[in-house]
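Biologist: I am new to this structure and would like to learn how to read it. Could you walk me through it, one feature at a time?

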Amino acid sequence: MTRITRRELFQIVSSVAPAFWLASGAAAQEQPALKLEPIGEKLSLLSGAGGNIAVLEFGDGLLLVDSGLPQTAEAVETRAHTAGPGPIAILINTHYHFDHVGGNERLGRAGARIIAHENVLKRLSTTQKIAAFNREVPPLAPEGRPKTTFSDAGSLAQGGEKVVYRHLPPAHTDGDTTVHFQNVNVYHAGDLFFNGMYPFIDYSAGGSIEGMLADADLMIQAVDGKTKIIPGHGPMATLDDLRTFRDMLAGVNERVSKLVSAGQTLEQVTAAEPTKPYDEKFGKGFLKPADFVHILYAGKTAKRG
Ligand SMILES: [Zn+2]
């Protein structure tokens, strides 16, 4: 394997054209267009920096869920501070991917306590191999790694808000964590939920579509009809949107599984267009239908072998 920088990785990853990774490479030197919008009392959504970021203002400090891309770290820090007074005291990571932990080193150096699942710490502490691209991603500097880890779940009481973070079984990666702001009833799903687009699934890091489907069911049980859901990518969502995403996963998984079980090649599976009923709603964003099928085929055949 060739060792590369994160910047180079963006260029490689952009060859399969996930929209936000593409933007991160092409627009690396430009001022990112971040948007901060209120979604509940003391809680805001910071978008445009890679993965969606939640910002909680708790009186004498701020709590963030995820920290965006490396090249938006400074802009994220600056913009988050406009949400309220005090330092960015706490940062919870939903998983280890670079578009969710890119501000970790900067915020960690500034004093933020970083909380994440124990598998996130492991992956951020060592070089990661991304099989889909045959490349390596170097670890974060120690200041950017989680200082507080957990194996199952935990909670914080901050400024009248109860923040419950919970690890779900491997799905997108093996460190997937949801964060529920219980009083205001806002739920950050991380990359277990891509709203209105096919999800990337990191089979190199323990992910699978079967896991995504199982976790979608767990998330549906964890929220209610009034919950405002922050997906890892895409616009704010409702329980109905999450159900639609879950049904797409189930439908595509069933079709692709049948074709793979029948011994079809990648070309045959792709030609059968197993995502077709869902392409109108999910096929125009992050991954194109053929990219999604490719990821699933590679994952399923690797597991069979
Ligand atoms: Zn991710």
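This is a predicted model: local features need pLDDT of at least 70, side-chain atom pairs count only at pLDDT 80 or more; totals for chains, interfaces and linings use all residues.

Biologist: Let's begin with the inside. Which residues of the largest nonpolar core touch the most other members?

Modeller: The general idea is that in soluble globular proteins, nonpolar side chains tend to be buried together. Here the largest nonpolar core has 40 residues, and Phe245, Met248, Leu249 and Phe292 touch the most other members. Two or more residues each come from strand S14 (186-194) and from helices H7 (209-222), H8 (239-261), H9 (266-271), H10 (276-282) and H11 (289-304). Helix H8 gives the most, with nine residues. There is also a second, separate core of 19 residues, which includes Ile39, Val65, Ile115 and Val186.

Biologist: What does Leucine 249 touch, leaving aside residues up to four places away in sequence?

Modeller: Leucine 249 touches Pro199, Ile209, Met212, Leu213, Ala216 and Phe292.

Biologist: Now helix H8 itself. How far apart are its end C-alpha atoms, and what span should we expect?

Modeller: At 1.5 Å a residue, the 23 residues of H8 should span 33 Å, and the end C-alpha atoms are 32 Å apart, so the two values agree. Among the buried residues of H8 are Leu239, Leu242, Phe245, Met248 and Leu249. Just after H8, glycine 263 takes a positive phi of about 80°.

Biologist: How many aromatic pairs are there in the whole structure?

Modeller: A search finds five. One to look at is phenylalanine 245 with phenylalanine 282, a tilted pair with 6.5 Å centre to centre and 50° between the planes. This pair links distant parts of the chain, with phenylalanine 245 in helix H8 and phenylalanine 282 in helix H10, 37 residues apart. Both of these phenylalanines are buried. Ring pairs also join Phe193, Tyr198, Phe245, Phe282 and Phe292 into a cluster.

Biologist: Next, the metal. Which residues are the protein donors of the zinc ion?

Modeller: They are His95 (NE2), His97 (ND1), His172 (NE2) and Asp191 (OD), lying 2.1 to 2.2 Å from the zinc ion. In sequence, the donor residues follow the spacing H-x1-H-x74-H-x18-D. Histidine 172 sits in the loop between strand S12 (161-167) and strand S13 (177-181), while aspartate 191 is in strand S14, 19 residues apart from it. Histidine 172 and aspartate 191 are both buried.

Biologist: Why does the arrangement around the zinc ion count as irregular?

Modeller: The four donor atoms subtend angles of 89 to 169°, which makes the arrangement irregular. For comparison, a tetrahedral site needs all angles between 85 and 135 degrees.

Biologist: And the backbone angles? Where do lysine 42 and aspartate 66 lie?

Modeller: The rule to know is that most residues other than glycine have a negative phi. Lysine 42 has a positive phi of about 65° although it is not a glycine, and lies in the loop between strand S2 (35-40) and S3. Aspartate 66 also has a positive phi, near 75°, and lies in the loop between strand S5 (62-65) and helix H3 (73-81).

Biologist: Is aspartate 66 buried or exposed?

Modeller: Aspartate 66 is buried, with a relative accessible area of 0%, whereas lysine 42 is partly exposed at 40%.

Definitions and conventions
Residues are numbered from 1 along each chain as its sequence is written. Side-chain values use heavy atoms; hydrogens and water are left out. A nonpolar core is a set of buried Ala, Val, Leu, Ile, Met, Phe, Trp, Tyr and Cys residues joined through side-chain atoms within 4.5 Å. Buried means under 20% relative accessible area, exposed over 50%, partly exposed in between (1.4 Å probe, protein chains only). Helices (H or I, at least four residues) and strands (E, at least two) are DSSP runs, numbered from the N terminus. Contact means heavy atoms within 4.5 Å. Donors are N, O and S atoms within 2.8 Å of the metal (3.2 Å for Na, K and Ca); water is not among the atoms, so sites may look incomplete. Four donors count as tetrahedral if all angles lie between 85 and 135 degrees; four count as square planar and six as octahedral if opposite donors are over 155 degrees apart and all others between 65 and 115; anything else is irregular. The expected span of a helix is 1.5 Å times one less than its number of residues. Rings of Phe, Tyr and Trp (its six-membered ring) pair if their centres lie within 6.5 Å; planes under 30 degrees apart count as stacked, over 60 as edge-to-face and the rest as tilted.
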